Amino acid sequence: ILLADILDEGKKQKYSLVTVADEITYTKKFLELERLRYGDGIVCHFDIAPEAAKKLIPGISLQTLVENSVAHGFSARAGHGNIYVSIHDTPSGGLDDDGEGIEQATVDKLFSQLEKDFIYAGEHVGLINFFQRFLLIYGEDCRFDIRKSEYGGACVEVITPALGDEWLDSMD
């Protein structure tokens with residue numbers, strides 16, 4: 001039932017903007033499914049400012065980062081680790097984990113793929129897709145940073161401008 005609910009919600013959100021609160025609800029369902037798979041070793045800590053919960057973000061974006069943490073950051077530890085999600089009503093927010101981390105060469109490769117004019121179909125396609133969707137919506141004012149987390153794993157930070165009413169009106 002949980003998997004069917006996630007798939008149904010994912011189809012609805014795939015090409016739309018959702019509130020941060022809705023994306024967190026979706027991500028928590030995904031984490032519940034991952035706990036059924038790996039056990040209770042995945043712990044996600046949320047630090048969400050109340051005013052940020054109403055902001056719009058691309059659907060299935062936070063879930064993509066959480067899935068990446070589980071799949072890459074915790075794979076060597078059989079799905080055990082901590083994920084820290086921070087979203088505030090400032091232009092930046094992000095995700096940290098205490099997983100395996102990410103090599104600088106991988107980060108460089110990810111960002112070089114973003115500069116190309118073709119669809120990427122190799123490793124880390126989820127992150128590339130994530131970055132491309134944010135760039136399409138927020139434009140050149142959107143920035144990303146991937147670095148070593150203060151918790152020892154990887155940190156993905158996203159910095160975006162606020163979406164103005166004129167942008168939202170253009171979606172009607």
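**Chat about the model**

Modeller: Glutamine 104 is partly exposed, at a relative accessible area of 48% (buried is under 20%, exposed over 50%, partly exposed in between, using a 1.4 Å probe and protein chains only). This is a predicted model, where local features need pLDDT of at least 70, side-chain atom pairs count only at pLDDT 80 or more, and totals for chains, interfaces and linings use all residues. Residues are numbered from 1 along each chain as its sequence is written, and side-chain values use heavy atoms, leaving out hydrogens and water.

Colleague: What does the side chain of glutamine 104 join up with in a polar contact?

Modeller: The side chain of aspartate 108, at 2.8 Å (a polar contact is a pair of N or O atoms within 3.5 Å; within protein, one must be able to donate a hydrogen and the other to accept it, and residues adjacent in sequence count only if both atoms are side-chain atoms).

Colleague: New topic: how many aromatic pairs are there in the whole structure?

Modeller: A search finds six (rings of Phe, Tyr and Trp, its six-membered ring, pair if their centres lie within 6.5 Å; planes under 30 degrees apart are stacked, over 60 edge-to-face, the rest tilted). One of them is tilted, phenylalanine 130 with phenylalanine 134, 4.6 Å centre to centre and 35° between the planes.

Colleague: Which residues end up in the ring cluster?

Modeller: Ring pairs link Phe111, Phe130, Phe131, Phe134, Tyr138 and Phe144.
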